[in-house]
Amino acid sequence: KEGGGITYYGGKQEQTAKKNRVKARVKAEALRELITVKDKIFVMGHKFTDADSFGAAIGIYRAAEALKKRVYIIINEVSASLKPLYSSYENNLDYPEDLFLTSAEAVEMADENSMVIVVDTNRPQMTECEELLGISKTIVVLDHHRQNSDNIENALLSYIEPYASSSCEMVAEVLQYIEDDIRIPKLEASSLYAGIMIDTNYFSNKTGVRTFEAMAYLRRNGADAVRVRKAFRENIEEYKVKAAAIQDTELYRGEYAIAE
């Protein structure tokens, strides 16, 4: 800490995961208390929502739904990679028509008694709707990225765990403590599973014991691993282009592979 500011440096080593889940349970109970006293709950991830951000938002939707609360997820732009997951919820009779809102719609509906839950980012300018952070008095942050000096400062509850593989892993843990015997529908369990899968690069990076415990929990709730894998696989044209590029790879200085 220097004067009024904080400078971040270093921090290259792997974070080690804690084996017990006391913190997850404490944060889940605090989150439940906050949700129960609010009328409207808005959930948003970062701009250009990815599978982890989307899955975590869906997990929070399930938690609030179990507590009989109205939830809105803010998404402005649906990327091509997210489309297969997103379209499963669109025009689905099991979900309200206004589950997904744009920033403009959310700002119109929000008031001081609304609650905003931010997932997969802790920087205000990275969120889907920064304006919402100024309207609501109750802000919750759930993220697995390291904090920077420009983080969301007025959060009432902040759960940031850099050792977690993904936000979906954190939300899957929180869900287990939100309500006793909470049932997660297959589609939602699959969305959370997809978030973990994409963020860990098919379970090869940053996977700890708790990552696999979260995955086991989601599988017990019916997460469909085959469906998720199919939703994210490349089409034949992309595959051919990639293969052609790899074919013409040149090694520079014996260690840098360059392909055009």
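# Notebook: sheet, cores and cavities

I began with strand S2 (70-74), where four of the five residues are buried, so S2 is largely enclosed by the rest of the structure. For buried I used under 20% relative accessible area with a 1.4 Å probe and protein chains only, and I took strands (E, at least two residues) and helices (H or I, at least four) as DSSP runs numbered from the N terminus. I note that this is a predicted model, in which local features need pLDDT of at least 70 and side-chain atom pairs count only at pLDDT 80 or more, while totals for chains, interfaces and linings use all residues. Residues are numbered from 1 along each chain as its sequence is written, and side-chain values use heavy atoms, with hydrogens and water left out.

**Sheet.** I looked up the strand order next and found an open sheet of six strands, S3-S2-S1-S4-S5-S6, with parallel pairing; two strands pair if DSSP finds at least two bridges between them. The edges are strand S3 (100-101) and strand S6 (157-160), each of which pairs on one side only. S1 pairs with S2 in the parallel sense over five bridges, and Lys-40 stands opposite Arg-70 in S2. S1 is also joined to strand S4 (residues 115-119) by four bridges, again running parallel, and there I recorded Ile-117 of S4 as the bridge partner of Val-43.

**Cores.** I then turned to the largest nonpolar core, which has 59 residues, and those with the most contacts inside it are Leu-31, Phe-54, Ile-73, Phe-100, Ile-117, Leu-142 and Leu-218. A nonpolar core here is a set of buried Ala, Val, Leu, Ile, Met, Phe, Trp, Tyr and Cys residues joined through side-chain atoms within 4.5 Å. Helix H2 gives the most to this core, with nine residues. Apart from this core lies another, of 16 residues, among them Tyr-72, Leu-101, Val-116 and Leu-133. For Ile-73 I listed the contacts (heavy atoms within 4.5 Å), and leaving aside its neighbours within four places in sequence, Ile-73 touches Val-43, Ala-57, Ile-58, Tyr-61, Leu-99, Phe-100 and Leu-101.

I found three cavities of 30 Å³ or more in the structure. On a 1 Å grid over the protein atoms alone, a cavity is a set of points where a 1.4 Å probe fits but cannot get out, a pocket is an open set with protein on both sides within 12 Å along at least five of seven lines, and lining residues have an atom within 4 Å of a point. Grid points are joined across faces, edges and corners, and a volume is the space filled by probe spheres set on the points.

The largest cavity has a volume of about 40 Å³, and its lining includes Tyr-159, Glu-161 and Arg-210; helix H6 (residues 167-178) supplies the largest share, three residues. The second largest cavity also has a volume of about 40 Å³, and I saw Val-43, Phe-54, Ala-57 and Ile-73 among its lining residues. H2 gives the most to that lining, with three residues.

Finally, I checked the second largest pocket, which holds about 230 Å³ of space. Of its 15 lining residues, the closest to its centre are Glu-90, Asn-91, Pro-96, Glu-97 and Phe-100, and helix H3 (83-89) and S3 each supply at least two residues of the lining.

How values were computed: Buried < 20%, exposed > 50% of the residue type's maximum accessible area, 1.4 Å probe, protein only.
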